[in-house]
Amino acid sequence: MFAYIVRRLFLMLVTLFGISVIIFVLLRIVPGNIVDILFAAAGYVDPADKVNLERDLGLNQPIVMQYLHWIGGLLHGDLGYSYVSEKPALEEILPRIPITARLAGLALLFSASIGIPLGVISAVHQGSKLDYALRVVSLSGLSLPSFWLGLLILMASVSLFGTMPIFNPNPTTWIEALAIYAVPAMAVGFRSAALTMRITRSSMLEILRQDYIRTARAKGASEASVNYHHALKNAVLPVITVVGIEAAFLIGGLIVTETVFNIPGIARFLVEALRWRDYPIVQNLVMFIAVVVVVVNFIVDMLYAAIDPRIRFGD
Amino acid sequence: MTAPRPLLEVSDLVKHYAVRGGIMRRQVGTVHAVDGVSFALGTGETLGLVGESGCGKSTVARTVLRLVEPTSGAIRLDGEDIARLGKTALRPYRRSMQIVFQDPFASLNPRMTAGDIVGEPLSVHGLATGAKKQERVAELFQQVGLRPDQMKNFPHQFSGGQRQRICIARALSLGPRLIVCDEPVSALDVSIQAQVINLLIDLQRKQNFSYLFIAHDLAVVAHISHRVAVMYLGRIVEIADKHALFANPRHPYTQALLASVPIANPRARRLAPMIDGDVPSPINPPPGCAFHTRCRYAIDRCKTERPALKDAGAGHQVACWLNDGTGRAE
Amino acid sequence: ADQPKSGGIFRIYHRDSPGSASIHEGATYSVNIPFMPVFNNLVIFDQHIAQNSVDTIRPELAESWAWSGDHKTLTFKLRKDVKWHDGKPFTSADVKCTFDMLMGKSAQKFRQNPRKAWYEQVNDVTTNGDYEASFNLKRPQPALLSLLASGYTPIYPCHVSPAEMRTHPIGTGPFKFVEFKANESIKLTKNPDYFKKGLPYLDGIEFTIIPNRSTAILGFVSGKFDMTFPTEVSIPLLKDVKSQAPNAVCVVEPNNVSTNIIVNSSAPPFDNIDIRRALALALDRKAFIQIMFEGQGDIGGSMEPAPAGLWAMPKDMLESIPGYGPDIEKNREQARKLMQKAGYGPDKHLQIKVSTRNIAVYRDPAIILIDQLKSIYIDAELDVVDTAQWFPKVARKDYSLGLNLTGNAVDDPDQSFYENYACGSERNYTNYCNKDIEKLFDEQSAETDIDKRKKLVWEIDKKLQEDVARPIIFYAHTGTCWQPYVKNVTIMSNSSYNGYRYEDVWLDK
Amino acid sequence: MNEALTAETILDVKNLQTVFFTNSGLFRAVDDVSFSVRRGQTLAIVGESGCGKSVSALSIMRLVPDPPGRIVGGAVLLEGTDLLALDDAAMRDIRGNRISMIFQEPMTSLNPVMRIGDQIIEAVRLHQKVSSREAWQQAVEMLRLVRIPEPERRATEYPHQLSGGMRQRAMIAMALACRPALLIADEPTTALDVTIQAQILALIVDLQKRLGTGLILITHDLGVVAQTAQRVIVMYAGKKVEEATVEDLFESPLHPYTRGLMASIPAVPSRNAGTGAEADARLVEIPGMVPSLTKLPPGCAFAPRCKLAVDRCLEAYPPLEEIRSHHWAACWRAGETAEAS
Amino acid sequence: MATINFEAELRRAGANASGGWARLAFLAQRHVLGTIGLIIMLLFVWMAISADLICRYDPLSVDSAHRLAPPSALHWFGTDSFGRDVWSRIIHGARISLAVGIGSTTLGATLGVIVGLASGYLSGWVDLVFQRVTDILQSLPLLVLALVMTAALGPSLPNVILAIAIPLIPTVARVIRANTLALREQPFVEAAKSIGMSEMRIALRHVLPNTIAPLIVLATAQLGSTILTEASLSFLGLGIPEPYPSWGRMLSESAAEYVRTAPWLVIFPGIAISLAVFGTNLFGDALRDILDPRQRG
Ligand SMILES: Nc1ncnc2c1ncn2[C@@H]1O[C@H](COP(=O)(O)OP(=O)(O)OP(=O)(O)O)[C@@H](O)[C@H]1O
Ligand SMILES: Nc1ncnc2c1ncn2[C@@H]1O[C@H](COP(=O)(O)OP(=O)(O)OP(=O)(O)O)[C@@H](O)[C@H]1O
Ligand SMILES: [Mg+2]
Ligand SMILES: [Mg+2]
């Protein structure tokens, strides 16, 4: 088990290194950098100014040097400076993390607490009207572009309540705090709840066919015990994996949702930074996201091992 | 009893699988799947190989055919050691040895027609194409008791016994001299089993094949084999002429094995198991004689020294320290 | 009418995150709007008269100004009671510093300096004691005063570096900078020591950055904001706002931004004047305006059309320019003849690309343009270019037609002509260069008689259009809305860069 | 066990009919099958794959998967109560309590994420009011009973940590935890090695004797039947074709299918006689193959493969008749066979 | 015991449905939702193929006189702010959406199959490298990767397709690899080896064809999500640019300005997207049940 963990950690590092190279190269092979954008906004360019600026930002160095410089800094906890705001990138990124984390956490919670029970219900009542209804509803959830769902929520909120949740870093009331996080989290969570439900359902169906379920029935266990005690515990394994993948998915969904709800989290920040070709921010954010995803996957694996004795006591 | 030079001669065959673990998936253990197996097989002869699940029967079969690479040892086919031949050098020898697997359902590519499956070896070796190939396949179908018009059917359209016939036809297509049968009837219904066994016997009679016949059903092995080898945890513990072995087993394991077979005679009830416990793990085989952990007659020597196969008379070889290495007489 | 009330935070949403807080380094009103309240100019256009003109220029840091007799020196007497937000006193040195830096003469440099060309005629800025500063010109340039009155020309403190000004600007203005969180918000707070006593009324201004328009408008409608981002409400949206928030006050004003076509006349096919003329003749400007603004837009030349614009040609003169005539079909008939002359026709269409930025206000007119070009045997394909690559592409002359927007900071020919049409000017994307016209530019610029100058300007403008250097398609009208309790906001009608000091804005709540 | 108990009938299955509605048609998996089990007695059901052995067992437990399966007729009387008439809750009380079942695959029949002990406890606590502590004690006792070494430790382990034989023992422990009146063992040793099979069979028979449980042993291995059962029924294509005491059946089988089956199985050469079957001796084969349950011929299902078949066999299904005392067979020519033997 | 209607039960089980058409009809009846999905998909495909025949108007033709016309007999779905016919834009948009969906799914699936097959079949260092590559691609959320890629490559139809395709690779590669690993152990692959077939030929002839079913199932499932990804990219300003009438852009752009004043500009593209995605998902679900009953989830 210990060796397994160490191996996983090692592979994580390899993956992260690969991501750093890919993202770095991807950002730089393309024409146009922050300097072009700054000057494009001005609608004019003085070549001398441009050269100066590129030098100031270190963009004139060979790409390998730039990479080493970045990674070197990263290892020392120095993420460089944002080209746009000229503040340390860390200072820009850090305060945005809790916002996104709260959103993502709520969304996951929402997704799991709705998706899993509904999935079980749907599986247990396979082929019934209820099952059909749940499946259609979840599929329609998956068929709605997420920005559209977000906008619909906002518009509904304005026309029904005359107000809407606009992000406020220091919410004054409880309700406001809940609204500014829970509503967008629901918009993202709806989608993943639908997904979680589907996975739970199919995983349950698979498990319900297993021999040991028949054994449980043969023991005289009640349907509830069979479904929730015997089946769900096994069925939840693939669901955990999916919830892990969901975490990655969620960040994608958050990009859109943070934009729609105007939440200054890291996901939207990434989009803005991309627009500005603000390399230090983009690189580090993408790395951060990758770290989160990789760590979540790691945790999921550990969780898996914790639940599944075959893995816990294997290796 | 057989030709002076055996068709197949396996000496000291070893196959170890690495058990990997740790950070770099380094090897942390070894499965001693086959641990020094030697035997010879003459032309037209059938050697039965029995033993409990996981004792390495299939591994022997697959290493002999070089489907997995042996760790060490020699596999001589007609005197030529094929254990270390390169891929291309091996190709002509492949034609001489074919295999029939246990599971006729998994042995056939579900997306190919029966005719294509049987004809494939012919095209791979460039032996026949087009109409000639079809003709040959039809011939093979008849040989194994299938109708040539079934060539265009897919495997799922056949019953288990028929599928095993397709497998046999495929094995026959290259005109092999040795056919390795890895539990060819274990997955079949009893009434079908007899058909396949009869087919194998008939074919051998006609074409003088050699069989390496693996099964865990002692009765089947007894029926089809000339000689029988008993394996336990990667090693052959006893090998003898069939009659000698069944009439006079000398290894306590063979004895236990025979005693465990339920006899289809209600008047001869004997529900007292000869041995307790499970087969030990091939990752950490016990030292000495691997069977000593379950053997009632084990002496101290069994726990430390590994017995080698020793002739106990008339080609009856046994690996047991009892009675000066000639095994336990019953 | 009502007595102004003090207090309250003025909440506005912002359409995007400005690149920095430094007005001098910026070239978009995304910077001016949130940061103008932090600064003062020497002089400023009256904040409550929509049409900027020389007559509406008011003193600000300068108590008064005077032209020398030869119109080559402009002297400002400065106020003595002004302090920077950090407590340091404001003096003439700051004025000199600011303009030296703009002219590129000082050691400290701006990261970018987009309006350097404005001060081409300024020899130097001199001070006389702490409270007098003079601009010494190479030749008379009456327009200079207007340029100095633009929101683009705040006075920066000497003692703060340009880098700091980008992240934490220090000014003398009615509001102090509090914080700028990129993509999030900009916060200003009341400057209690503002030299205009009793001002500002507001306790502060808060800009929430909301790039997504739907969210932003919903926010305004639901009362989360007191005002929309100025001049950002499109005509269709305006209807939407009015339907949802009937009490909101909305104004629609021209904003002196022209949508034009940059024509690459240095390469085929548009090196051929006939094809350029055909292009000019093919335009149905009314259709553009109909589609883009439901009719609420203006047709004009390079100067903003009347009544908002001060320098617009009379209507009949304008309509005499090829392509401006009201009979579109006739124009296009003519255009087709020209195309045929150039070798194209119904069977042989000219294939080109129309390049533009991937922003709706650029893209939409390009779509209409492409449609209209079909009528003169031109099959154009839209080529949307990422912002990062747009300018380098234009600079490389890697396009045949480009759809472009030109915002004029000050409604003055000097600003417009030199910037966009002078030989060698960096923003003269088409590299149009006509020495004869250039002479006329100087002539009008030095002309102190307003009427004479106007005549000259009209003539130049007409010539420019006839040369199809950079055909102007239309001038937009845009809307701004605020809640009824917001008082004293005026949206300028001939510039969208100058009207955001907000010192006397108050909230009637 | 005393004779009185042995004679008591605990299970009486009457004309059981179970069908499957599948997309290839109607499978009459169990067609009009009757049998009974007495206390302490072993009834073996033999037959080839797909002949309906497992479905019969599942029908008794009312665990036939629905859809596609459905019990469409007959009665299952357990100690006089018709199980088919019970409501679900009452049936649950019976399962694991009065009737238990052991399945073929010890590898997959245990819940992989539950400890062995807990799985046994569950069987106990579902039917008995005992504290979890007592239940655990009982579980450990049961493991000891089925001869699992170190039962305390094994109880805390998970299925994958046990060998196949041990898992099957754990299954037996679980099945017997409530001392059921009837134990159904559906091919309990097919997945195991011969040496382990011998151990397990000995264990089952031993426990059955000690607890006085009735046992239905399902298998396709005639050797196993001969070693364990008192009575045997032979099934072919969903129907019971022969029933007899084990001695009768092996000594004088009446149905051609049973005879063919016995003849087609090679025998292990006997110990002392040096003359076993010769390698060149062909086995007796039953030609053809087991028919699909959907495409059963109108007459006797075995007729197409039967050497003795006459026209009548192809036309009508033979009734099950008591040809000899306590020996039933469903064959038109069973009478002749009986006389001949 | 309740009486049982054998006929009805059998019909429900599909017993009478033997032979090609009958079987299809049965499957259609059995998987009603899937059939609906298939019909929707076919409808969109038909729309895309015969777009030029169905539409009266050029989707790009601007008409200032008829802008923002509500749905009518002339303009079934109304016109947009340019006076362009929304119906023909939706129909032509089907082409774009299908181009994106099919293009990126095919590309992603092809690359994924190559990676998965090589990785599963060759094992050793090839596997190690390819697995790291999939790990890397999988560690970046799809939208993030697509976003960075379109931002990097610039907005254009091929670039968007590429940007959406690349993140699909790991998912496909994983499934194919797992399948390949399982197939590799199958006796029929060993049998092919024993007759002396080359590894390459085995991979192509025996392994690949047997991964088709899970691949189809996976691809159908991905089809819908690619359409949604394009919509999201459009919303973020990085989708398929004008002049292509992409549903995503039509929706995201009109959502801001016209949701109240000209709702048809929002409703129809919205419906088109949701319906297309819904259809592929429904169909994909059914396909999974039919083709690949074991590989759920
Ligand atoms: N590819 C492999 N990697 C690691 N271990 C293996 C591999 N193949 C077989 N083994 C191990 O080698 C041992 C011998 O396996 P083998 O399949 O030869 O047994 P067998 O006698 O054929 O058993 P069975 O009767 O179950 O078919 C077993 O312990 C098995 O787990
Ligand atoms: N879930 C099911 N769906 C459809 N048909 C079924 C199902 N279960 C069993 N059957 C059918 O019922 C018949 C009897 O099956 P059963 O499992 O009882 O056979 P068996 O005698 O136990 O065979 P085996 O020796 O293979 O276990 C088979 O022909 C099978 O096709
Ligand atoms: Mg084997
Ligand atoms: Mg069974």
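Visitor: How do you know that strand 4 and strand 5 of chain D pair?

Guide: Two strands pair if DSSP finds at least two bridges between them. Strand 4 (residues 69–78) and strand 5 of chain D share two bridges, in the antiparallel sense, so they pass. Strands here are DSSP runs of E, at least two residues long; helices are runs of H or I, at least four residues long; both are numbered from the N terminus. A word on the source: this is a predicted model, where local features need pLDDT of at least 70 and side-chain atom pairs pLDDT 80 or more, while totals for chains, interfaces and linings use all residues. Residues are numbered from 1 along each chain as its sequence is written, chains are lettered from A and ligands numbered from 1 in the order written, and side-chain values use heavy atoms, without hydrogens or water.

Visitor: Which strands of chain D are called edge strands?

Guide: The open sheet has four strands, in the order 2-1-4-5, with antiparallel pairing. Strand 2 and strand 5 (81–82) each pair on one side only, and are the edges. In strand 5, T81(D) is the bridge partner of L78(D).

Visitor: What packs on the sheet, and at what angle to strand 1 of chain D?

Guide: Helix 2 of chain D touches strand 1, strand 2 and strand 4 of chain D, at about 110° to strand 1. Helix 1 (residues 6–13) of chain E touches strand 1, strand 2 and strand 4 of chain D too, at about 55° to strand 1. Angles run from 0 to 180 degrees between N-to-C directions, with axes fitted to C-alpha atoms, for helices over the stretch in contact.

Visitor: What makes S54(D) a polar contact of ligand 2?

Guide: The term needs a pair of N or O atoms within 3.5 Å; within protein, one must be able to donate a hydrogen and the other to accept it, and residues adjacent in sequence count only if both atoms are side-chain atoms. An N or O atom in the side chain of S54(D) is 2.5 Å from an oxygen of ligand 2, so the pair qualifies. A backbone N or O atom of V55(D), at 2.8 Å from a ligand oxygen, qualifies as well. The protein covers 70% of the 630 Å² of accessible area that ligand 2 has on its own (Shrake-Rupley method, 1.4 Å probe; for residues, only the protein chains shown count as cover).

Visitor: How many residues surround ligand 2, and which element gives the largest share?

Guide: There are 16 residues around ligand 2, K53(D) and S54(D) being among the closest. Each counts as near, with a heavy atom within 4 Å. Helix 2 of chain D gives the largest share, three residues.

Visitor: What covers ligand 1, and which residues make polar contacts with it?

Guide: A polar side-chain atom of S53(B) lies 2.9 Å from a ligand 1 oxygen. A polar backbone atom of G56(B) lies 3.0 Å from one. Both fall within the polar cut-off. Helix 1 of chain B gives the most to the shell, three residues.

Visitor: How do you know that chain C and chain D do not touch?

Guide: Contact means heavy atoms within 4.5 Å. No contact joins chain C and chain D, and their closest C-alpha atoms lie 49 Å apart. Among the eight pairs of chains that touch, chains B and D have the most contacts.
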